[in-house]
Amino acid sequence: MTSGQLTAAEVRRRLKLKTLCEPEGEKPVVSGYAGDLLSWVMGRAPANCAWVTVMNNQNVLAVASLCDVGCVICAEGAEPEETVLEKARAQGINVYASPRPVFELCAALSRLRGFAAEKGEKA
Amino acid sequence: MEIKPLVLHYEVSGDNFTGAGEASVAMKRELRQMGFDANVIRRAAIAMYEGEINMVIHAEGGVADVNVLPDRIEIVLTDEGPGIADVEQAMQAGFSTAPDNIRALGFGAGMGLPNMKRYSDEMKIETEIGRGTTVRMTVLADSPKNSF
């Protein structure tokens, strides 16, 4: 890992996100994806992205795990239940929350140094 | 000496959505341990996950059989559900017969079968109304789709 590469924990600090669970805070985060239709996200979210969503059920974990996302950011206070978070911990998925809407969170992410805001852009 | 394929078998429960995806996640772990390319693993896992979800939504579950060979991953999903009336229509992006309660969970976007086709190198659907559906998919280790 090169120095200066963003990690999930660093994204959490910079965006002042609430930690719901952070089993692997050192996971790299190099880009972002926003969406709530799980099949859509599944087919398109890149690996090592910060996934911003208002979906908060257990199926979010399967998608996050299969897509190798760096962290899940639950927007607008849509926090998963504790039973879901327990599974997230077991599967090594970082889950954060924020009261801010999806758009604001994505805008804030795009301003982070070391973050690729557009497809194909190098972090 | 002929290399024997690794055979994986998963029961996909149709009870609810809490277990949906477990077979795909388990398969993904196996493929990773075997050292497959990350893109190959991702394609196989996505294709299998969509199939799993379809079996849970429409067919009260089913079974997933996976043969892992050095050059390809073969996935066979078999259910005893209602069958697909019009496969061509079901293959269209956005077409879905999923009920509202399923849509509220974030499914039913009509992307399941299109995603399976998009991420596999070969896909065949055998279906019979009232009897069930079998979907066969092959994900090749060496494929132009790996650069997606």
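Is Glu126(B) buried, partly exposed or exposed? I found Glu126(B) to be partly exposed, at 38% relative accessibility, where buried means under 20% relative accessible area, exposed over 50% and partly exposed in between (1.4 Å probe, protein chains only).

I note that this is a predicted model, in which local features need pLDDT of at least 70 and side-chain atom pairs count only at pLDDT 80 or more, while totals for chains, interfaces and linings use all residues. Residues are numbered from 1 along each chain as its sequence is written, chains are lettered from A and ligands numbered from 1 in the order in which they are written, and side-chain values use heavy atoms, with hydrogens and water left out.

Entry on salt bridges. I took a salt bridge as a side-chain nitrogen of Lys or Arg within 4 Å of a carboxyl oxygen of Asp or Glu, and over all chains the structure holds 15 of them. Glu126(B) pairs in this way with Arg136(B), the closest N and O atoms being 2.9 Å apart. The two lie 10 residues apart, Arg136(B) in strand β5 (residues 132–140) and Glu126(B) in strand β4 (residues 122–128) of chain B, with strands taken as DSSP runs of E of at least two residues and helices as runs of H or I of at least four, numbered from the N terminus. Arg136(B) is also partly exposed, at 38%.

Entry on the interface. The contact (heavy atoms within 4.5 Å) takes 24 residues from chain B and 22 residues from chain A. I read two salt bridges across this interface, and one that I looked up joins Asp68(A) to Arg32(B), with the closest N and O atoms 3.0 Å apart.

Entry on Glu50(B). This residue sits in helix α2 of chain B and touches Ser39(A) and Met42(A), among others. Glu50(B) is buried yet has no salt bridge, the nearest side chain of opposite charge being Arg118(B), 8.6 Å away, where Lys and Arg count as positive and Asp and Glu as negative, with His and the chain ends not counted.

Entry on Leu105(A). I located Leu105(A) in helix α5 (residues 102–110) of chain A, where it is buried with a relative accessible area of 0%. Leu105(A) touches residues including Leu15(A), Val52(A) and Ile73(A).

How values were computed. Lists of a residue's contacts leave out its neighbours within four places in sequence.
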